[in-house]
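These are my notes from looking through one structure. I begin with rings, then turn to charges and the core.

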Amino acid sequence: LVILCIVVAVLGIMVMMGWKLGILEAIILVMVPGLSVDYCAHLAEGYRASIHPSRRSRVRDMLTTVAVSVLSGAVSTMGSSAFLLGPLITFFPKFGTGILLTAANSIVLSIFVFSACMSIFGPEGNQGNLFWLCRPRSSVQVGAE
């Protein structure tokens, strides 16, 4: 849900900026889902690793332990893409703008929307735990007495 919102937001901003769909814009749009998954995935891992049983406590724990690192990653990504805005060759400013838009939308929507979604309908306790699939099954011996 959050990844879809990020992709739609970046696409909408690109249209509002007057960009026409070309090769460069298609490359940027292919990169958007991959770049936007990063922050949500780190926050989801922080939520999953929390030892608290309730949703609100897990979200609070997720935001206090992982959000600072995720925010630092977003700031460094946006800072490095800002250097691509200066060159005169058309490719670099557009590419930098695409990465900047993706990182900015991704961090905002991941921190606010993903956290809100997790506090409303995120798994509680052991819900969603699939480790039971990996445990060894007991062998049943047929005909043994």
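**Entry 1: aromatic rings**

I looked up phenylalanine 92 and found it partly exposed, with a relative accessible area of 32%. I use buried for under 20% relative accessible area, exposed for over 50% and partly exposed for what lies in between, with a 1.4 Å probe and protein chains only. The model is predicted, so local features need pLDDT of at least 70 and side-chain atom pairs count only at pLDDT 80 or more, while totals for chains, interfaces and linings use all residues. Residues are numbered from 1 along each chain as its sequence is written, and side-chain values use heavy atoms, with hydrogens and water left out.

I then checked how the rings pair. Rings of Phe, Tyr and Trp (its six-membered ring) pair if their centres lie within 6.5 Å; planes under 30 degrees apart are stacked, over 60 edge-to-face, and the rest tilted. I noted two aromatic pairs in the structure. Phenylalanine 91 and phenylalanine 92 are edge-to-face, at 5.3 Å centre to centre and 80 degrees between the planes. Why is the pair of phenylalanine 91 and phenylalanine 95 stacked? Their centres are 5.3 Å apart and their planes stand at 15 degrees, so the pair counts as stacked. Helices here are DSSP runs (H or I, at least four residues), numbered from the N terminus.

Phenylalanine 91 is partly exposed at 37%, whereas phenylalanine 95 is buried at 17%. I recorded Phe91, Phe92 and Phe95 as one aromatic cluster.

**Entry 2: charges**

I looked for charges over rings (NZ of Lys or CZ of Arg within 6 Å of the ring centre and within 35 degrees of the ring normal). Arginine 58 lies over the face of tyrosine 47, 4.8 Å from the ring centre. Lysine 94 lies over the face of tryptophan 19, at 5.1 Å.

Glutamate 25, in helix 2, is buried at 6%. Beyond neighbours within four places in sequence, glutamate 25 is in contact (heavy atoms within 4.5 Å) with Met14, Trp19, Lys20 and Lys94.

**Entry 3: the core**

Definitions and conventions
Helix = DSSP H or I, 4+ residues; strand = E, 2+ residues; numbered from the N terminus.
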